[in-house]
Structure formats: C-alpha cells, structure tokens
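Take a walk through the model below.

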Amino acid sequence: MSIFDSLKQTAVDAAKNVVKNATNESQTFTFQALPESVEEMKALPEAALDTPFKAAALTICALCAYAAVPEIGISMLNFLKGPQPLSNYELSFLKDRFREQKYVPFSYFQGAKPENNYTPDQPFTVTFHTNPYSYDNDGYCVLYVKSGGADSDRQIKLRRKGDQWFLWEQFVMVGIRKSAAEDPWA
C-alpha cells in the first residue's frame, strides 16, 4: 500500500460528493396569457415568489410587458425586485436595450426563433435550470434560460429575503440574432 493511497481515496470520495450534491434542477412554467398589469401578475400563483424559479419566470413576463408599455413593465419589475426597486442605472439599461430589439424577452419562450420573428408558441412556456454552481453564494440563486436566438444560456440572479425570492440581476436583455424581419440576409 502506497503512502498516497489514502490521499487518492480522499480525492475520489470528494469528487463523488461534488457530483452527488450537484443540483441540476429544471422547472417549466406555462402561461395561458402574459400578465398585462402588476395586479394581473400578483394574481398568478407564481407571485408567491417562494422559489427562485417562480421569480425568474415572472421576470420574463415583466420584460415582455416592458416591451409593450414600459411603465407597466417597470411596475412589474419593481414588484419582483422586492424591497429594492430598479435603480436609475437599471432603468437606463432597460431603455437602451429595448430601443432596438424589443423581441428579446419573447425569445425565451418555447417556439420563438429568428425565423418566425420570435413569435412564441401559445400557451407561453419557459424553462429555467440550475447548474452545480447555482447556489454557491448563500441567499442567492443563479438560474439559466435558453433563448431561441442565442447559442448560450442566459442568467437571472435572484436573492432570498425571508421565504421569498426576488430579482437581483438579469442578464437576459443582451443581444441575440436578428429576427427574420430585420435580417437582410434571412
């Protein structure tokens, strides 16, 4: 028996524990219609915000509302932000991002892709998933969502307060492939 055998076994056991403890969870949400006001959003079962997945799903809905009527989207996002409303920086960022590609939040729903101008299937269905690092920071969760117009998943970071999860940061309003209507090469 080598003096290094116990070290090897410790490393193997540690690797097994990492794999065993890795959470690769996913949750899918289906909306018959997207909420058109903060009151409609609050009436949805997801508005309990008792899981990070629910808060993330409503974030996509709020960003879609922002695309139609920014003031409504802002009120929804402020609800999802909990005790800390959108900052001036976040408001400016949203205004800038929605200047050109208003269809970005719709790209996260099933069936939305550049070829159909990011028109999602109905009912509206969105899926979020975790990876082994999603819960690395205590009180925070990073969820991942696939866009029909991007090759890599996008992130939404949520923060826990008490029994609820709130939007902390979103990294979904980033560039994606142009819709067929905007792409001269399509």
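Buried means under 20% relative accessible area, exposed means over 50%, and partly exposed is in between, with a 1.4 Å probe and protein chains only. This is a predicted model: local features need pLDDT of at least 70, side-chain atom pairs count only at pLDDT 80 or more, and totals for chains, interfaces and linings use all residues. Residues are numbered from 1 along each chain as its sequence is written, and side-chain values use heavy atoms, with hydrogens and water left out.

Confidence comes first. pLDDT is the predictor's confidence in each residue, from 0 to 100. Its mean over the protein is 92, and 89% of the residues reach 70 or more. Residues 15-21 fall below 50, and beyond near neighbours in sequence this stretch has zero contacts in the model (contact means heavy atoms within 4.5 Å). Where pLDDT is low, predicted coordinates should not be read in detail.

Now the charges. A salt bridge is a side-chain nitrogen of Lys or Arg within 4 Å of a carboxyl oxygen of Asp or Glu. The structure holds four. One of them joins Asp 50 to Lys 54, with the closest N and O atoms 2.8 Å apart. Asp 50 has a relative accessible area of 39%, so this residue is partly exposed. Arg 99 bridges to Asp 96 at 3.5 Å between the closest N and O atoms. Arg 99 counts as exposed because its relative accessibility is 56%. Asp 96, at 40%, is partly exposed.

Arg 177 pairs with Asp 151, the closest N and O atoms being 3.4 Å apart. This bridge links distant parts of the chain: Arg 177 is in the segment after strand E5 (164-171), and Asp 151 is in the loop between strand E3 (140-145) and E4, 26 residues apart. Helices (H or I, at least four residues) and strands (E, at least two) are DSSP runs, numbered from the N terminus.

Which lysine is buried yet has no salt bridge? It is Lys 157; the nearest side chain of opposite charge, Glu 169, is 4.2 Å away. Lys and Arg count as positive, Asp and Glu as negative; His and the chain ends are not counted. Lys 157 is in strand E4 (residues 154-161). Lys 157 also lies over the face of Tyr 140, 5.0 Å from the ring centre. A charge sits over a ring if NZ of Lys or CZ of Arg is within 6 Å of the ring centre and within 35 degrees of the ring normal.
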